[in-house]
Amino acid sequence: MRIILLALFVMAFLFAGLHLIVYSMAGFNASQQQSELQDIYYAGQEADSLLEHRLKEIAKNQESISERQKLARFEPLLAINPDIIAWIKINNTSIDFPVVQCSDNDFYMIHDYKKNKNNNGAIFMDFRNSGYGEDRNTILYGHNMKNGKMFQDLTLFKNRTFAQQNRYIDFATLYSEHTYEIFSVYVTDTSFYYIATIFASDQAFSKFINELKHRSMHDLDTVVSSDDRILTLSTCSYEFENARLVLHAKLIN
């Protein structure tokens, strides 16, 4: 009996150790990918500056531009994964990631930016969004990983001072760069449908915005109207079962 109990104990210990190794490797791989893709993305900013200068020259010469020009920095990223649709960065956090999008909201829950299985997943856009930041509500999802990856740093915004001092989100789509200002932070359960993308009228959208502001744990004193477009960031939270931590920001340029 002692031998059997000892064998069971050893097996349980080995299983726990294996699980810890797999979890640590997933976090390490996520960090490696983030660093690799950041190098590619930011190296492309110089190319974008040259392209912007050229487009201004074209405009001065009154030449017509019939098609949108992709930001040059995305071209090498799209060669890695054509599902990459944007990039999000929030200062004073570790959030500095590409954003992917596919035909559902399930695949990138358990796959990384190279489509490999990874429990860290990826930051992904709701499949119903256009991908260009032109919807009334553009929604991004990411895991709240205990290893600090993905959207874990959104928890920093539960602190009122941090939220007030870090109110801006840089969000670049394939074609243009945008800045958003955070106006609401709250924890909710999934019964509140904050992920609506289509609204019946301006009045319906205005009512939705008022509800978002009413739920906020901080008064960020940001004026938002039905003329605005908003960015929604969503991650899991652990206050209760099916809790979600949600941030909303409005487009300011």
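This is a predicted model: local features need pLDDT of at least 70, side-chain atom pairs count only at pLDDT 80 or more; totals for chains, interfaces and linings use all residues.
Visitor: What makes histidine 143 count as buried?

Guide: Its relative accessibility is 16%. Buried means under 20%, so histidine 143 counts as buried.

Visitor: Where does histidine 143 lie, and what does it touch?

Guide: Histidine 143 lies in the loop between β4 (137-141) and α4 (160-165). Leaving aside residues up to four places away in sequence, histidine 143 touches Met109, Asn119, Asn120, Gly121, Lys149, Met150, Phe151, Gln152 and Thr235.

Visitor: Why is asparagine 92 called exposed?

Guide: The relative accessible area of asparagine 92 is 60%. Exposed means over 50%, so asparagine 92 is exposed. Asparagine 92 belongs to the loop between β1 (84-89) and β2 (96-100). Its phi is positive, about 65 degrees, although asparagine 92 is not a glycine.

Visitor: Why is asparagine 242 called partly exposed?

Guide: Asparagine 242 has a relative accessible area of 43%. Buried means under 20% and exposed over 50%, with partly exposed in between, so asparagine 242 is partly exposed. The loop between β7 (230-236) and β8 (243-251) holds asparagine 242. Phi of asparagine 242 is also positive, near 60 degrees, in a residue other than glycine.

Visitor: How many helices and strands are in the protein chain?

Guide: The protein chain has five helices and eight strands. Along the sequence they follow the pattern α-α-α-β-β-β-β-α-β-β-α-β-β.

Visitor: What percentage of the residues of the protein chain count as buried?

Guide: Of its 253 residues, 45% count as buried. The protein chain exposes about 13900 Å², and carbon and sulfur atoms supply 54% of that area.

Terms used
Residues are numbered from 1 along each chain as its sequence is written. Side-chain values use heavy atoms; hydrogens and water are left out. Helices (H or I, at least four residues) and strands (E, at least two) are DSSP runs, numbered from the N terminus. Buried means under 20% relative accessible area, exposed over 50%, partly exposed in between (1.4 Å probe, protein chains only). Contact means heavy atoms within 4.5 Å. Accessible areas come from the Shrake-Rupley method with a 1.4 Å probe; for residues, only the protein chains shown count as cover.
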